Amino acid sequence: MAERSLPVEAAAEDAVRLTVGMAGGGDGAGVMGERIPVNAATDDETWLLAAVEGSGSADTGAQVVSTLRNALSTDPGSDTGAAVKQAFRQANAALYQSGQGSQVASAVALYAQGKYATIASIGTGRAYLVRAGRLNQVTRDPISIQSKAARNDPTTEKPTVALLGARERLDTRQPAIYEITLLPEDRLLLCTAEVFGHANEASMLANLAGGDVNASASSLVPVGELAVAVVANVAAARVRQPVIVPSAGRPSYIPLVAAIILIAIIAAGLYFTGVFG
């Protein structure tokens with residue numbers, strides 16, 4: 001007998017969904033919080049979040065965001081870290097070609113496929129994770145490497161933080177890559193330096209504790225500052241899973257049982273007719 005599938009709502013183990021809010025902007029800034037169609041065959045959502053602080057041109061941040069989106073809109077395969085790194089290299093090449101070193105940007109981005117997320121950072125932006133009521137800084141602040149003798153020499157030019165577009169090619173250590181696994185009730189923050197520079201951790205945690213991600217992002221951006229904040233809330237997902245039932249709505253073994261019962265009745269009738277006839 002033919003069978004058909006009935007979709008039944010059920011929770012997929014460990015699956016998560018993101019809700020994203022954004023705030024801020026200004027001259028040279030860029031912001032992104034979009035679900036991108038990488039692989040339509042999977043139930044896992046793919047998200048790209050980015051907070052960019054740029055200079056040298058009004059569209060510096062927009063250029064970085066556009067390059068990252070285009071580079072990561074196709075399936076990166078199993079090595080998402082390498083794919084994100086390559087996307088940053090493409091953004092660096094595009095900025096350098098435009099400004100020859102005068103058009104630069106700090107950028108922090110998160111690329112998530114389902115519960116697995118890759119964070120990349122170059123420059124002064126930061127990524128935070130709120131988990132179990134605690135605010136954790138995921139990214140490390142950039143540290144310029146300089147010899148002890150150079151640090152003690154007042155005539156030595158002070159090292160600068162690496163930025164997108166400042167050089168034709170990025171250093172092999174750039175961007176810094178961080179891998180995390182998202183859990184339901186996590187909350188993520190990607191922001192430029194002006195956001196954390198105007199708030200302490202207690203106030204940032206309080207602003208991130210609210211239910212509305214857009215309100216949380218807006219509350220973190222200082223009034224009158226060129227700042228960007230992207231906030232993402234992580235929740236358990238629910239997916240539609242098929243349950244197989246017979247197309248007639250009855251178990252397929254019923255006709256077989258009925259035939260066995262009929263044969264038994266006929267056999268019993270013949271038996272009693274032969275004995276008592």
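Start at Trp47, whose bridge partner in S5 is Ala112. We're looking at a predicted model, where local features need pLDDT of at least 70 and side-chain atom pairs count only at pLDDT 80 or more, while totals for chains, interfaces and linings use all residues. Residues are numbered from 1 along each chain as its sequence is written, and side-chain values use heavy atoms, leaving out hydrogens and water.

A word on terms: helices (H or I, at least four residues) and strands (E, at least two) are DSSP runs numbered from the N terminus, and two strands pair if DSSP finds at least two bridges between them. With that in hand, strand S4 (residues 46-55) pairs with S5 in the antiparallel sense over ten bridges. S5 is also joined by seven bridges to strand S6 (residues 116-122), again antiparallel. Here Gln113 has Tyr116 in S6 as its bridge partner. The S5-S6 hairpin has two residues between its strands, and Gly114 takes a positive phi near 65°. Why is S5 (residues 104-113) largely enclosed by the rest of the structure? Because nine of its ten residues are buried, meaning under 20% relative accessible area with a 1.4 Å probe and protein chains only (exposed is over 50%, partly exposed in between).

Now hop over to an open sheet of five strands, ordered S2-S11-S10-S7-S8 with antiparallel pairing. Its edges are strand S2 (16-24) and strand S8 (134-137), each pairing on one side only. From one strand to the next, the twist averages 20°.

S7 and S8 share four bridges in the antiparallel sense. Leu129 sits opposite Asn136 in S8, and Arg131 has Arg134 as its bridge partner there. Their hairpin has two residues between the strands, with Ala132 at a positive phi near 55°.

Within S7 (residues 126-131) you'll find Tyr128, which is buried at a relative accessible area of 2%. Its side chain makes a polar contact of 2.7 Å with that of Arg126; such a contact is a pair of N or O atoms within 3.5 Å, where within protein one must be able to donate a hydrogen and the other to accept it, and residues adjacent in sequence count only if both atoms are side-chain atoms. Beyond its neighbours within four places in sequence, Tyr128 is in contact (heavy atoms within 4.5 Å) with residues including Asn136, Leu189, Cys191, Phe196 and Met204. Tyr128 and Cys191 are 63 residues apart along the chain, yet their C-alpha atoms are separated by 8.5 Å.

Definitions and conventions. Axes fitted to C-alpha atoms, helices over the stretch in contact; angles between N-to-C directions.
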